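Subject: Structure handover

Hello,

Here is the structure I promised to pass on. Please open it and keep it beside you as you read.

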Amino acid sequence: MRVELLGVRGSTPAPGSDFVRYGGHTSCVAIGPDDGPPRLVLDAGTGIRRLTGLLGGAPFAGSILLSHLHWDHTQGLPFCPAIDRDDAQVELWVPAQDATPAAELLSRAMSPPHFPIDPTGLRGSWTFRDLGIGEHRIADFDVTVAEVPHKGGRTFGFRISDADMTIAYLPDHGPIALGPGPEGWGELHPAALNLAQGVDLLLHDAQHTVEEFAARAHFGHCPADYAVSLGRAAHARTVVLFHHDPARTDDQLDALLAQLQASAGPGGPRVVAAAEEDVFSSRGLDRGQRGSRDGPDPGRGDRGDRSRCEPAAPPRS
Ligand SMILES: [Zn+2]
Ligand SMILES: [Zn+2]
């Protein structure tokens, strides 16, 4: 399995010089075999625009799974040439809710007068499917779908496996809705633990700092610290802090990461902060070079080096 991060930001894109190292595109992850093009995409935030470059001019043929329907997970759909062309073949899975067909759910936000076309106006062969909880086989991967607490509509977390590697993806997660949990950031509840159990990579909501969380708990997210706690409890090998707050600058993310790496403790998971173009592969199970899809020595990327540094500064927020 090869996992490439195309968008790692939460809520809304974050362009500008303060955000260039981690990137400003909203949530999107491309998954494929080690030796082939991506055929499974998680979420369709603005990061999905990068899929076109990954495919080198070829159309996308595969499946897109939406964790939920918030703008930061869907607004890239009409702006990705690789999926909007006559020879594209796309199966789009939408969390089933309200007894409403998938394309109709999407069209509530994507149709005139909000947008020039509705989902059926995208070019190529599109199939819109209702996604439910349970076990699925999608794009030749084993996919487990579970409902997780968030805010405003049904939200899913995913566990995705092939023979070599397993990842969990919970980009938007507000476990405080189920109770305070051991540290006051939310319950380490069964659905989250089951998705994350023993995974190689846990890509998890890291929207807030603990300091911010007190005033923002009702937003439906969690502190980055919760991601590390869940990873430790579920014996995840690596926790990837994901869905960064759009106001979190590169320098602030460096500091937050250093703090959490220190808190992970001996025997805890490795902790990294998601950045656009990061690659994780079953070939070495480590972070690849940024911008290099086939770096010969995975783990020598620029932020990969930084991730091994000692904590340098306290977080600024
Ligand atoms: Zn989101
Ligand atoms: Zn959301």
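This is a predicted model: local features need pLDDT of at least 70, side-chain atom pairs count only at pLDDT 80 or more; totals for chains, interfaces and linings use all residues.

Residues are numbered from 1 along each chain as its sequence is written, while chains are lettered from A and ligands numbered from 1 in the order in which they are written.

Confidence first. The pLDDT (the predictor's confidence in each residue, from 0 to 100) averages 90 over the protein chain. A score of at least 70 is reached by 89% of the residues. Residues 289–317 fall below 50. In the model, that stretch still has 51 contacts beyond near neighbours in sequence. A contact means C-beta atoms, placed from the backbone, within 7 Å.

Now the sheet. It is open, with seven strands in the order β6-β5-β4-β3-β2-β1-β14 and mixed pairing. Strands (E, at least two residues) and helices (H or I, at least four) are DSSP runs, numbered from the N terminus. Two strands pair if DSSP finds at least two bridges between them.

β6 (125–131) and β14 (279–281) are the edges. Each has a single partner strand, so one side of each lacks a neighbour in the sheet.

E4 has V279 in β14 as its bridge partner.

At the other, β5 (residues 89–95) pairs with β6 in the parallel sense over seven bridges. P95 has L131 in β6 as its bridge partner.

Best wishes

Technical notes. Two residues are in contact if their C-beta atoms, placed from the backbone, lie within 7 Å.
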